[in-house]
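Hi,

Here is the structure I promised to pass on.

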Amino acid sequence: MPADTVTAPNAPGENLKINGDRLWDSLMEMARIGPGVAGGNNRQTLTDADAEGRALFRRWCEEAGCTMGLDTMGNMFARREGTDPDALPVYVGSHLDTQPTGGKYDGVLGVLGGLEIIRSLNDLGIKTKHPIVVTNWTNEEGTRFAPAMLASGVFAGKHSQDWAYARVDAEGKRFGDELKRIGYVGDEPVGDRKMHAFFELHIEQGPILEAEGKEIGVVTHGQGLRWIECTVTGKESHTGSTPMNMRRNAGRGLARITELVHEIAMKNQPNAVGAIGHIDVYPNSRNIIPGKVVFTVDMRTHLLDKLNAMVAEFDEKAPKLCEEIGVEFSSEIVGQFDPPAFDEGCVGAVRSAAQRLGYSHMDIVSGAGHDACWINDLYPTAMVMCPCVDGLSHNEAEEISPEWAAAGANVLFHAVVETSEIVR
């Protein structure tokens, strides 16, 4: 694997860069497929818009001389050959699907940044020992078919294909049926591919890089996650006629636990977060004291011991807070993955590329889950991040600059080409 040095023997020269204008034009052309209502995109997985975006990506890859592979989860693999037929490929990519009110760059930058690597290598007449494969992972967002990172999760052995095929959307449509409907069930068994390394470029989806004035985030870790579904049970009663001292208000239990989650996250800084997300209140009437509240706690950090300690403190204190006010508490973990530490050699290639190219950069922990987090369990993996305006993502107002896109893609280009080994 590449060394953490600016003088790595296979490193491209600092004058070698991608075509930033072409990358930006490609981003804008892809954004015309599945437009949102407020300037972003609604290109949810396995919709007709997703199929159209896939077709455009495939055409671009074939025009760049790549062969396209397709597995049984619909993952797309565009391959540029290397000079050594026995060398394992270096993979690069992300996803083309979006949130219902998504931006133009989340995931898409990583896929088209990978394609730009291929195009630039062709322009420059550069050959690599290892093949390079640009990947579009299916259903990273998980907004139509839960969970997120579904197809890369099957690839990594986290889910069975049968289980994934049986996921249904809000209309009861099955993932497997919709994959077949849009024509993207491949013949290749999912997970059969072997990788020399995997790199993913992504917008930060947070405000840190912009606030720190950095052009590049060198991602050292992903955050581990625990989703805890909680139920607070009290007693429904009339809001006007029930004395305050006789109430068993489940909503008050929610309020106390909301503060507890915030306090636990603040005690475990830096790089720890926690919040209440989904909330269902019963009976959800203006003049009835809530008798039951069901909600989800989301806790994340990049250190496993810290994450486990946060959950343990929550499990100890939440029931007591509810008992003190006469309501009952129960909980169960409904989602989890442990924090990944990305490969030191791949991370080093990203860091040395940023240094070599003169970009301001900093180490960063990814606050969101990505396909790279699953692939990291199998093969050496790293991520590159660029800023996004105000840290806004999963929103049609998501925005980056052409300069940020080019900087991220240039670092990706250097890291991938260094790892692929230039044939001189």
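His 202 is buried in this predicted model, with a relative accessible area of 1% (buried means under 20% relative accessible area, exposed over 50%, partly exposed in between, with a 1.4 Å probe and protein chains only). You'll find His 202 in strand S5, residues 197-203 (helices are DSSP runs of H or I with at least four residues, strands are runs of E with at least two, both numbered from the N terminus). The side chain of His 202 makes a polar contact of 2.9 Å with the side chain of Asp 106. By polar contact I mean a pair of N or O atoms within 3.5 Å; within protein, one must be able to donate a hydrogen and the other to accept it, and residues adjacent in sequence count only if both atoms are side-chain atoms.

Two notes on the numbers. Residues are numbered from 1 along each chain as its sequence is written, and side-chain values use heavy atoms, leaving out hydrogens and water. Since this is a predicted model, local features need pLDDT of at least 70 and side-chain atom pairs count only at pLDDT 80 or more, while totals for chains, interfaces and linings use all residues.

Now, which residues does UniProt list for "binding site"? The unreviewed entry gives His 95, Asp 106 and His 202; such annotations may be inferred rather than shown by experiment, and the positions are in the numbering used here, with feature names shortened. The three span 108 residues in sequence, yet no two of their C-alpha atoms are more than 9.8 Å apart, so they gather at one spot.

His 95 sits in the loop between strand S3 (90-94) and helix H3 (108-124), and it counts as buried at 0% relative accessibility. Leaving aside residues up to four places away in sequence, His 95 touches, among others, Asp 106, Trp 137, Glu 140, His 202 and Asp 371 (contact means heavy atoms within 4.5 Å). A polar atom of the His 95 side chain also lies 3.0 Å from the backbone oxygen of Asp 97.

On to the inside of the protein. In the largest nonpolar core, of 95 residues, Phe 57, Leu 112 and Phe 199 touch the most other members. A nonpolar core is a set of buried Ala, Val, Leu, Ile, Met, Phe, Trp, Tyr and Cys residues joined through side-chain atoms within 4.5 Å. Helix H12 (residues 402-420) gives this core its largest share, 11 residues. Another core, of 24 residues, lies apart from it and includes Val 261, Phe 295, Val 297 and Met 310.

Cheers
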